[in-house]
Amino acid sequence: MAGAKLLKTLTLFQVVVMGLAYLTPMAVFDTFAIVGEITDGRVATAYLLALAGILLTAFSYGHLVRRFPSAGSAYTYAQKVFHPYIGFMVGWSSLLDYMFMPMINILLAKIYLTAMFPGVEPWIFILGLVTVMTFLNLRGIKLVANLNGAIVLLQLAIIVTFLGLIAWGVSHGEGAATLLSSRPFHVESASMLPLFTGATILCFSFLGFDGLSSLSEETPNAGKVIPKAIVLTALIGGVIFVTVSYGLQLFFPDLARFKEPDAVLPEIALYVGGTLFQSIVLVCTTAAVLASGMAAHAGVSRILYVMGRDRMIPERVFGYIHPTWRTPAINVLLVGALALSAVSFDLDMALALVNFGALVAFTFVNLSVIGQFWVREKRNKSLKDHLLYLLLPLLGAATIGALWINLEQSSLELGLIWAGLGVTYLFLRLAVFRIPFRQYEELEG
């Protein structure tokens with residue numbers, strides 16, 4: 001290590017595009033039919049509800065990044081506010097979110113590429129994509145951010161083209177045959193419960209805004225830049241999701257035209273723009289999921305680095321920074337090796353693990369705001385204090401509570417198994433081998 005540290009090179013724009021790359025704006029098409037069926041065609045409203053809930057947690061991340069500008073994200077916050085052991089378990093659980101996201105994106109890219117090139121063995125796509133993702137992350141976060149910026153701009157161009165084609169089609173008699181309609185937002189015969197169910201599913205479309213906190217040690221003036229980037233990422237993503245789902249609902253007032261409701265993107269592209277446009281969209285979607293994978297890869301390697309630096313996990317391995325590239329190179333290689341398991345891993349299982357890890361992180365981030373500011377720093381005197389440091393994080397925690405209630409059983413079971421492994425590691429380290437945890441500040445001092 002020899003004193004090597006992460007380089008502070010990222011700008012606000014680069015951090016935001018990293019967040020948008022993680023969110024994958026084109027993911028709005030993948031959930032359209034599923035949530036449309038649940039909400040009776042009110043996907044746009046469900047997205048608005050999801051955005052409102054996600055913003056509460058985004059504000060909580062912002063408060064904590066200003067107070068603890070560390071790459072450790074939720075792990076660091078829980079460690080500092082509550083206890084190192086709690087921090088370890090939050091970090092251990094949230095690793096599920098970050099570690100399996102690169103694999104999920106590789107799996108999705110493999111599906112798209114296999115559809116375009118059915119004669120090619122899927123493992124060839126996986127090996128090639130993981131190699132590219134790992135190499136770029138090894139060479140530096142600025143390179144990843146710049147490439148992700150180009151891919152995000154490409155996605156936005158495709159989305160604008162989509163909206164233009166939808167507007168042209170609708171104005172020429174397709175679907176609702178009008179560009180102004182309250183139908184995507186309001187149906188008198190429908191109840192609110194399906195809307196909240198749909199919003200619960202769509203909250204997972206925003207996964208990734210939280211990962212920006214792991215870039216704190218590579219962003220100058222992180223205490224101001226990262227909170228802005230987190231909120232901007234959630235807001236921009238929300239605007240894109242609401243706008244596109246509104247347009248899609250006008251073009252497809254019902255789901256009768258879809259043969260595969262669980263995978264409607266190819267059909268949407270075909271109906272809206274024809275076969276050539278469909279091919280372009282599939283190529284761009286492959287690039288989009290690769291960008292998301294690169295952003296997730298960067299995030300988890302830095303969380304592992306902070307946990308290694310704190311000696312929560314072996315420091316020589318996980319706390320290493322490459323002296324030339326200034327990246328956590330060993331962690332990058334380990335995450336790349338895990339992503340290679342996409343050759344045989346099940347997508348549903350990976351998604352289940354990611355959902356559990358994300359909810360653990362979101363829950364403790366909201367609670368950490370209350371614990372740090374309202375309780376420990378006693379910012380509980382004014383109405384503004386109560387609003388910022390008690391009421392809003394409580395509402396954020398309640399929103400995440402709704403997600404916990406609707407979490408699939410497989411997600412809960414697999415997540416609890418993973419948490420059990422963490423508890424076992426904690427017990428063996430502390431009670432059997434008697435190796436204490438030490439925080440980074442103690443090591444520096």
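Tutor: What follows is a set of questions about the terms, each settled by setting a value against a definition.

Tutor: The model is predicted: local features need pLDDT of at least 70, side-chain atom pairs count only at pLDDT 80 or more, and totals for chains, interfaces and linings use all residues. Residues are numbered from 1 along each chain as its sequence is written, and side-chain values use heavy atoms, with hydrogens and water left out.

Student: Why is α6 called oblique to α10?

Tutor: Helix α6 (residues 122-139) packs against helix α10 (residues 265-309) at an angle of about 45°, and their axes are 10 Å apart. Helices here are DSSP runs (H or I, at least four residues), numbered from the N terminus. Axes are lines fitted to C-alpha atoms, for helices over the stretch in contact, and angles run from 0 to 180 degrees between N-to-C directions. Under 35 degrees counts as roughly parallel, over 145 as roughly antiparallel, 65 to 115 as roughly perpendicular, and the rest as oblique. The angle of about 45° therefore makes α6 oblique to α10.

Student: Which residues make the contact between α6 and α10?

Tutor: From α6 they are L129, V132, M133, T134, L136 and N137, and from α10 they are L290, G293, M294, H297 and A298. Contact means heavy atoms within 4.5 Å.

Student: How do these contact residues divide into nonpolar, polar and charged?

Tutor: The contact of α6 with α10 has 7 nonpolar residues, 4 polar and no charged. Ala, Val, Leu, Ile, Met, Phe, Trp, Tyr, Cys and Pro count as nonpolar, Asp, Glu, Lys and Arg as charged, and the others, Gly among them, as polar.

Student: What makes T286 buried?

Tutor: Buried means under 20% relative accessible area, exposed means over 50%, and partly exposed is in between (1.4 Å probe, protein chains only). T286, found in helix α10, has a relative accessible area of 9%, so T286 is buried. T286 touches A109, Y112, L113 and M116, not counting residues up to four places away in sequence.

Student: How do you know that V365 is buried?

Tutor: V365 is found in helix α13 (residues 347-376). Its relative accessibility is 1%, so V365 counts as buried. Leaving aside neighbours within four places in sequence, V365 is in contact with T57, S60, Y61, L64, A74 and Y77.

Student: Is V300 buried or exposed?

Tutor: V300, in helix α10, has a relative accessible area of 0% and is therefore buried. Leaving out residues up to four places away in sequence, V300 touches L95, Y98, M99 and V335.

Student: Why is D40 called partly exposed?

Tutor: D40 has a relative accessible area of 35%, so D40 is partly exposed. D40 is found in the loop between α2 (32-39) and α3 (43-67). Its phi is positive, about 55°, although D40 is not a glycine. Most residues other than glycine have a negative phi.

Student: What makes R326 partly exposed?

Tutor: R326 has a relative accessible area of 28% and is therefore partly exposed. R326 is found in the loop between α11 (315-318) and α12 (329-339), and its phi, near 55°, is a positive value in a residue other than glycine.

Student: How many residues does the largest nonpolar core have?

Tutor: The largest nonpolar core has 142 residues, and those with the most contacts inside it include F206 and I268. Such a core is a set of buried Ala, Val, Leu, Ile, Met, Phe, Trp, Tyr and Cys residues joined through side-chain atoms within 4.5 Å. Helix α10 gives the most to this core, with 21 residues.

Technical notes: Helix = DSSP H or I, 4+ residues; strand = E, 2+ residues; numbered from the N terminus.
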